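Let me put the structure up and then talk you through two parts of it.

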Amino acid sequence: MVGPVEGSGSSGPSYFSATEWLRGEGRSADVVMSSRVRLARNLAAHRFVPQADRQQRAQVLALCRRAIERVGPMMWVDVHNAPEYERQLLVERQLMSRQHARGKLAGGIGGPEEPRGLAVGLPDERLAIMVNEEDHLRVQVIRSGLALGEALAAADSVDDALERALEYAFSPRFGYLTACPTNVGTGARFSVMLHLPGLKLLSEIDKVRRAAEDMSLAVRGFFGEGSEAVGDLFQISNQTTLGKTEQVLLHEMESEIIPRVIDYERHARRVLVEKRKATSTDRVYRALGTLQNARLMSTEEAMELLSLVRLGVLTQLLPAADIKKINALFLFVQQAHLQHQSGKELTQHERRTARATLLRERLADVG
Amino acid sequence: MKCSECGEREATIHETVIINGKSIEKHLCEDCAAKAGLGGQGHLPMHELVATFVKSVAGSEGAGAALTCSVCGLTYARFKQTGLLGCASCYRTFEEKLGPLIERAHEGATHHVGKIPRGALERSRQGGPDRLETLLGSSKEREERLSALRRQLASAVAAEHYEQAASLRDEIRKLDELERGGA
């Protein structure tokens, strides 16, 4: 079960509230949902996760947990012992990867029983540390809005605190050594999650892809539902981690590529409002109307419609509404959160009903 | 659309990844995506990319296939299947083969620049120049790193990316100080 780290005096996250990546605050929050920095680290004198047996993994888990407990108030989860629904809640909150929930690495290595853990910084859930995912440690810091610099600074200080208790695998040539050689060097991955409904409606997502391509950044849908990203949520992240300092990588993303994408999206929204006002207004009102009236709703449809409503509110095609409430619904329509809300496991049909009911209730006063 | 892996179930996960200007599309069902470590929290299909890289760089078999890491027992052949290494020593054991692979995956970069574990650095200062070498490499490597940074600095200045130039200058200064302090 999920429980607080002993002696930390903190409790677990509230699955009834939204989490950092949906707070909708900070710089450029109209387009940028959240910024994330992830550092990959391994211990010097221990086998990397893919080549370690269960006992070795358990040993690393214990060592890392002890180091993590010194960092600050954290909730600790023994992922291998956590029930399926709990793991799914944590995945939906972007606190750990699906891979970590399953315990399976590439090439079929590992399994759900393998010792692995997750630490979540409370109460804000900005910090999450996965232990024994692909690397011994994956330190993740999320900030609402465009705030890669702040996220890096926070991740950096957690990294220093951990290193006081642990010796990292590091080489002069390849930097921080990682299980997968594509992560060596800084071991730092910067990602920005963007809401791009304007570009999507104008079929101009390729513009973003091209801009990202110039700097060999990856563009993909946030929930893995693909190039046709569900909810028009896209994630841009760096592909290379070697040969550039963290500051240079950060600068390339935050000062060069992301501002361009933000400009594209804002321009697209202006075009929709100024040149296609009737069509755009119709679309956002239809989306709202469906959300306020439907009796059965799939996750994908809910997210697509919520995306349009968010666009409508931000462009003032729809009357003013609490944007945080709309953001939070992107999370609450997900399967595990929906079940948590209902207090029981639901069949697919029951989920569709519950999702539609939730949306009707929460959006009753919008418009 | 059917899953391109099993050809049976419906493909629900579609991912496009752009690497060095080449976009790779994948259409997979939940199960096959899980097997490939795809889907969800922005986890890239790195292993597959590595596997592709390894094949193209090292050929399908070759002399190194039997190479084994003496510390963790991982064979190069196994690495080629999974794209994952077994321990820190693997990087030394397979260095010759990994070098070109890493260079290609990181747009031609050959050496790390950026953060150095601060705790280890502190300890190296107390232990003298030998330790510095374990963190920063031989004097030749250190010189190469500095010239790479100076080149990046020159192009940042030329492109008028002053913030970037400032952070590069800081990095160069930091390394210069380490040279003086550690020697």
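I'll start with the interface between the chains and then go to one strand of chain A.

Quick reminder that this is a predicted model. So, the interface: 74 residues of chain A touch 72 residues of chain B. Together the two chains bury about 6,100 Å², with 55% of that on carbon and sulfur atoms. On the chain A side, the residues losing the most area to chain B are Pro172(A), Arg173(A) and Pro181(A), which together make up 11% of what that side buries.

Arg173(A) also turns up in a salt bridge: its side chain meets that of Glu95(B), at 2.8 Å, N to O. Between the two chains the count is 6 salt bridges, and 24 residue pairs are in polar contact, both residues at pLDDT 80 or more. If you ask which element gives the largest share of chain A's side, that's α7(A), with 7 residues. By type, that side splits into 25 nonpolar, 26 polar and 23 charged residues.

Okay, now the strand, β5(A), residues 127–131. Is it buried or exposed? Mostly covered: 5 of its 5 residues are buried. Leu127(A), Ile129(A) and Val131(A) point one way, Ala128(A) and Met130(A) the other.

β5(A) pairs antiparallel with β4(A) over 4 bridges, and antiparallel with β6(A) over 5 bridges. Keep an eye on Ile129(A): Ala119(A) stands opposite it, and its bridge partner in β6(A) is Val139(A).

Methods: Residues are numbered from 1 along each chain as its sequence is written. Chains are lettered from A and ligands numbered from 1 in the order in which they are written. This is a predicted model: local features need pLDDT of at least 70, side-chain atom pairs count only at pLDDT 80 or more; totals for chains, interfaces and linings use all residues. Side-chain values use heavy atoms; hydrogens and water are left out. Contact means heavy atoms within 4.5 Å. Buried area is the accessible area (1.4 Å probe) that two parts lose on being put together, summed over both. A salt bridge is a side-chain nitrogen of Lys or Arg within 4 Å of a carboxyl oxygen of Asp or Glu. A polar contact is a pair of N or O atoms within 3.5 Å; within protein, one must be able to donate a hydrogen and the other to accept it, and residues adjacent in sequence count only if both atoms are side-chain atoms. Helices (H or I, at least four residues) and strands (E, at least two) are DSSP runs, numbered from the N terminus. Ala, Val, Leu, Ile, Met, Phe, Trp, Tyr, Cys and Pro count as nonpolar, Asp, Glu, Lys and Arg as charged, and the others, Gly among them, as polar. Buried means under 20% relative accessible area, exposed over 50%, partly exposed in between (1.4 Å probe, protein chains only). Two strands pair if DSSP finds at least two bridges between them.
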